[in-house]
Amino acid sequence: KLDNIYMTPVLKCVPPNDKPKANELKNCFTFFTKEISCLNNVKTLLALGRIAFDICLRLYNVKTKRKFKHGDIYDLPNNTKLVACYHPSPRNVNTGRINEEMMMEVLKKINFKSHLFK
């Protein structure tokens, strides 16, 4: 059971060749900002993919030298955590970048550490 966690791919459509254009990201950023503003109790954001990770950092105006790394946890303002996860897209699953076990490890890590996020 995961409480106060928001899982997001940020981009709400599948762009051609899985390569979103700048205008698509800009359009989705508007909706993502509205979504986040509705989340009163969120303590953890699970970013599905590097794009979601980068957008979360941008939204919270966080500058870091740390790069996206699957399973890593990053600090955001307001005692919120950002968890990086490879996007479970068919391409990433088919190429072995992520599998069910890797996804479950991230979810278990969040659940195990969730008491630290309060």
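Predicted model: local features only at pLDDT ≥ 70, side-chain atom pairs only at ≥ 80, totals over all residues.

**Cysteines, strands and cores**

Biologist: Quick start. Is Cys28 buried or exposed?

Modeller: Cys28 is buried, because its relative accessibility is 9%. Buried means under 20% relative accessible area, exposed means over 50%, and partly exposed is in between, with a 1.4 Å probe and protein chains only.

Biologist: OK. How many disulfides does the structure hold?

Modeller: It holds 0. A disulfide would be a pair of cysteine sulfur atoms within 2.5 Å. Cys38 is in none; its nearest cysteine sulfur is that of Cys56, 15 Å away.

Biologist: And is Cys38 buried or exposed?

Modeller: Exposed, because its relative accessible area is 60%.

Biologist: New topic. What is the strand order in the sheet?

Modeller: The order is β1-β2-β4-β3, in an open sheet of 4 strands with mixed pairing. Strands (E, at least two residues) and helices (H or I, at least four) are DSSP runs, numbered from the N terminus. Two strands pair if DSSP finds at least two bridges between them.

Biologist: Mixed how? Which pairs are parallel and which antiparallel?

Modeller: β1 and β2 are parallel over 4 bridges, and β2 and β4 are parallel over 5 bridges. β3 and β4 (residues 80-85) are antiparallel over 4 bridges.

Biologist: Which residues stand opposite each other?

Modeller: Met7 stands opposite Leu46 in β2. Leu46 stands opposite Val83 in β4. Leu76 stands opposite Thr80 in β4.

Biologist: Why is β2 largely enclosed?

Modeller: Because 5 of its 5 residues are buried. Thr44, Leu46 and Leu48 are buried on one face of β2, Leu45 and Ala47 on the other. In a regular strand, side chains alternate between the two faces of the sheet.

Biologist: Where is Lys43, then?

Modeller: In the loop between α1 (22-37) and β2 (44-48). Lys43 is partly exposed, because its relative accessibility is 30%.

Biologist: What does Leu45 touch?

Modeller: Its contacts include Tyr6, Ile36, Cys56, Leu76 and Leu82, not counting residues up to four places away in sequence. Contact means heavy atoms within 4.5 Å.

Biologist: Which residues touch the most others in the largest nonpolar core?

Modeller: Tyr6, Phe32, Ile36, Leu45, Phe53, Leu76 and Leu82, out of 19 residues in that core. A nonpolar core is a set of buried Ala, Val, Leu, Ile, Met, Phe, Trp, Tyr and Cys residues joined through side-chain atoms within 4.5 Å. The elements giving two or more residues are α1, β2, α2 (50-59), β3 and β4. α2 gives the most, with 5 residues. Another core, of 9 residues, lies apart from that one and has Leu48, Ile98, Val106 and Ile110 among its members.

Biologist: Last one. Where is Leu107, and what is it in contact with?

Modeller: Leu107 lies in helix α4 (residues 100-113). Beyond its neighbours within four places in sequence, Leu107 is in contact with Leu2, Met7 and Leu46. Leu107 is buried, because its relative accessible area is 18%.

Conventions
Residues numbered from 1 in each chain as written. Heavy atoms only, no water.
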